[in-house]
Amino acid sequence: MKSSLFDSLCEALLSKHACATVSNLATDKQCFVQSGNAGGDLELSSADIQSVEEMIAADVSGHIAKTDLFVRVYGPNYRMIIVGAVHIAQALAPMAQLAGFDVTIIDPREAFVQASRLSDVASIREWPDDGVTKLEPDLRTAIVTLTHDPKLDDPALAAALKSDAFYIGSLGSKKTHAKRIRRLTEQGFTDADLSRIHGPVGLDIGAKTPSEIAVSILGEVVTIRRLVAA
Amino acid sequence: MKDIDTDPLVRLSEWRAKGQCTALATVVQTWGSSPRPVGSHLAVNEAGEFAGSVSGGCIEGAVIAAALATIETGETSMLEFGVTNDMAWEVGLACGGTVHVYVERVE
């Protein structure tokens, strides 16, 4: 791999732009593809570039059929928006980062953000509906509300339901969740909308501590990403 | 970047920044059950330090050896590991799959 190609790749990864490297495994020639443009000593036909773009969109690495061209896709990162810089967030945020999610925590409460000591995680001190809307959740975004406070969770969930987020989860017991569903129904959300909310949040693994609950939430997010949304 | 899937590239760029010679191994094809998906990277430096994985640990030793040779010669190589491979008794995938690993020097 030429140094210029490796540098382009690192730059794209740092700026979080989806891209791909293409290697002709018979000739060892390579190129770098980003936003429909290819650069390098390997020349691609427009049909090949089209195939690479489709693979980037699908986040799938592999060979272009019937060719020696191997495409390594570096897809747009998945994101997780966590509402509430609470105790569970202290465990969930770093676990989700390890699993490849770009994590942002939204909490308007300065004291919680300070107490969470999550210096490595992006945080936004805004009201959750504004924060969620600003982050423009898409098909690669998971949204988890953890504040347990309707004043903060409800607006976040309302904003989440208006987005394409592939996963929406909300902490709270069955009872809390039933009340939450009633409040959101009064706001005009339909049963189909509300069925998108995973509540009580997480897989049932008998989690007790904040970090165990984080494991159950991340387990559910991965399940939905890999087995349902994919 | 904390994501452990892109970490090998981060480590590789750190080694390069220190002036070390490096190689990158990539899983380019898999058949049957294989521990790591297509695209998985193992980065190796001239001292034999490595980051990432191309299997559950069963073939890394052989891939690192090939990567060190590639760092030396600049020649790419395509390694095949699987139960049908001649090397299977020595280095192979316990899970019964086959993988092709492409090894290249990063200039």
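Author: Between chain B and chain A, 10 residue pairs are in polar contact, both residues at pLDDT 80 or more. A polar contact is a pair of N or O atoms within 3.5 Å; within protein, one must be able to donate a hydrogen and the other to accept it, and residues adjacent in sequence count only if both atoms are side-chain atoms. The model is predicted, so local features need pLDDT of at least 70, side-chain atom pairs count only at pLDDT 80 or more, and totals for chains, interfaces and linings use all residues. Residues are numbered from 1 along each chain as its sequence is written, chains are lettered from A and ligands numbered from 1 in the order in which they are written, and side-chain values use heavy atoms, with hydrogens and water left out.

The count of salt bridges between chain B and chain A is 1. Here a side-chain nitrogen of Lys or Arg lies within 4 Å of a carboxyl oxygen of Asp or Glu. The partners are A:D7 and B:R16, with their closest N and O atoms 3.2 Å apart.

Which elements of chain B give two or more residues to this side? They are α1 (7-17), β1 (22-31) and β5 (98-106). Helices (H or I, at least four residues) and strands (E, at least two) are DSSP runs, numbered from the N terminus. β1(B) gives the largest share, 5 residues. By type, chain B's side divides into 11 nonpolar, 7 polar and 6 charged residues. Ala, Val, Leu, Ile, Met, Phe, Trp, Tyr, Cys and Pro count as nonpolar, Asp, Glu, Lys and Arg as charged, and the others, Gly among them, as polar.

In total, 24 residues of chain B contact 22 residues of chain A, contact meaning heavy atoms within 4.5 Å. The two chains bury about 1,900 Å² between them, 61% of it on carbon and sulfur atoms. That is the accessible area (1.4 Å probe) that two parts lose on being put together, summed over both.

The domains bury about 220 Å² between them, 22% of it on carbon and sulfur atoms. A:K16, A:A57 and A:D59 supply 95% of the area that domain 1 buries here. The rule finds 2 salt bridges across this interface. A:K16 forms a salt bridge with A:D102, the closest N and O atoms being 3.4 Å apart.
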